[in-house]
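Please keep the model open while reading.

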Amino acid sequence: MAYANGYYCNLKETYLFTEIANRVNTYVAAHPEKKIIRLGIGDVTLPLAPVVIEVLHKAVDEMGVKETFRGYGPEQGYDFLRQAIANYYAQRGVDLSLDEIFVSDGAKSDCGNIGDIFADTNVMLIQDPVYPVYLDTNIMRGRKVIYMNATPENNFAPMPDKKVKADIIYLCSPSNPTGSVYTKEQLAKWVEYALENNAIILYDSAYEAFIDGEEIPHSIFSVPDAKKCAIEFNSFSKIAGFTGTRCGYVVVPKNLERQTENGKVMNLNSMWLRRQTTKFNGVPYIVQRAAEASLSKDGLQQCWENIAYYKENARIMMKGFDECGIKYYGGVHSPYLWIQCPGGMKSWDFFDELLAKANVVGTPGSGFGVNGEGFLRLTSFGSRENTIEAMERIVAVFKK
């Protein structure tokens with residue numbers, strides 16, 4: 001008999017964004033005349049940068065010529081893109097070798113797949129509220145999960161508790177969903193905790209391009225000794241708008257080692273390479289050329305212009321909520337605003353009221369964990385016109 005994976009029974013019945021889509025579709029069917037503005041999912045709306053499009057066309061043409069056609073590429077990514085990534089990190093003061101960089105189809109995949117190189121007996125330490133992928137992929141493997149409370153009292157950036165022992169720690173800065181960030185000093189305390197417990201930090205920096213100021217690190221590898229205990233994930237989805245083009249990468253330090261349960265020392269970089277060469281055939285050549293272009297001098301300038309556009313959207317949103325007297329977090333180093341539901345409303349109740357009265361879609365905070373109850377996430381990735389209109393509607397409904 002073929003048995004199904006029973007750990008799936010421990011997952012919520014539907015993925016968060018599936019439930020949102022169902023509710024919105026039901027409302028639209030009942031009110032087809034209403035214009036719905038969707039500010040719930042963190043999907044970009046601006047087109048790819050001109051230099052990226054130019055290089056995409058060139059790469060497509062190369063695929064149509066025998067002399068420049070490419071078939072299977074290296075599973076860990078072409079050297080030209082890995083070098084561009086290494087150069088990008090060097091601008092942040094972080095030195096990476098090419099064999100520490102693994103190109104993928106996105107940070108979401110990497111965050112889920114990284115569990116393949118770790119034993120299921122590991123104890124996972126995960127923030128609440130949290131990006132659902134961290135939690136769900138570990139529930140699917142039956143791993144024990146310990147939660148650390150992210151609350152207004154700690155600015156949604158919980159710090160290590162030495163009384164809590166964990167093997168693998170998920171950190172995300174800037175955070176999805178709260179928009180909170182860790183300072184270098186705070187990350188240094190997490191590195192210290194990981195080294196003391198021989199643990200591994202899985203660090204998601206997918207939103208680092210939105211960071212303002214020098215006090216917030218763009219990479220955990222800015223912290224001394226982080227290469228002894230951390231793996232970092234990043235993505236072109238947010239810096240370059242590749243949500244539909246799909247490209248990301250993971251950095252696994254080449255000297256990072258941990259033991260198996262029977263005491264054998266394993267190199268995690270080699271393990272991840274083995275995993276990728278077994279289960280992954282690489283990102284398409286044309287996409288990797290496009291990603292490389294986004295990290296060029298012209299590409300970065302054009303990408304920063306798009307990010308500035310989204311950051312201005314966030315400023316408009318913050319101004320609107322200030323007018324309403326509604327408290328929020330995030331929005332400065334992040335494309336997300338973490339809204340405290342007015343009047344003590346529950347997350348889904350505020351979601352329904354926002355949809356019904358302002359025809360605006362957000363993401364209920366309770367979908368990100370117990371501590372997300374009473375909050376709602378909104379994204380600044382909408383168009384300028386929709387962002388302005390959405391905030392005008394919200395102010396009209398909720399301004400006291």
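## Salt bridges

Asp116, Asp120, Arg141, Arg143, Arg275 and Lys279 form a network of salt bridges (a side-chain nitrogen of Lys or Arg within 4 Å of a carboxyl oxygen of Asp or Glu). The model is predicted: local features need pLDDT of at least 70, side-chain atom pairs count only at pLDDT 80 or more, and totals for chains, interfaces and linings use all residues. Residues are numbered from 1 along each chain as its sequence is written, and side-chain values use heavy atoms, with hydrogens and water left out.

The structure holds 21 salt bridges.

| Pair | N to O distance |
|---|---|
| Aspartate 352 and arginine 23 | 3.2 Å |
| Arginine 82 and aspartate 79 | 2.9 Å |
| Arginine 143 and aspartate 120 | 3.0 Å |

Aspartate 352 and arginine 23 meet in a salt bridge. The pair links distant parts of the chain: aspartate 352 is in helix H11 (residues 347-358), arginine 23 in helix H1, 329 residues apart. Helices (H or I, at least four residues) and strands (E, at least two) are DSSP runs, numbered from the N terminus. Aspartate 352 is partly exposed at 33% relative accessible area, and arginine 23 is partly exposed at 29%. Buried means under 20%, exposed over 50%, partly exposed in between (1.4 Å probe, protein chains only).

Arginine 82 and aspartate 79 sit 3 residues apart in helix H3, so about one helical turn separates them. Arginine 82 is buried, at 8%. Aspartate 79 is partly exposed, at 46%.

Arginine 143 counts as buried, with 7% relative accessibility. Its partner in the salt bridge, aspartate 120, counts as partly exposed, with 34%.

## Helix H9

Is helix H9 largely enclosed or open? In H9 (residues 285-294), 7 of the 10 residues are buried, so the rest of the structure largely encloses this helix. The buried residues are Tyr285, Val287, Gln288, Ala290, Ala291, Ala293 and Ser294. Their cover includes helix H2 (50-62), helix H3 (79-91), strand E2 (101-104), H7 and helix H10 (297-324).

H5 gives the most to the lining of the largest pocket, with 6 residues. In the second largest pocket, H4 and helix H7 (236-239) each supply at least two lining residues.

Definitions and conventions
Contact means heavy atoms within 4.5 Å.
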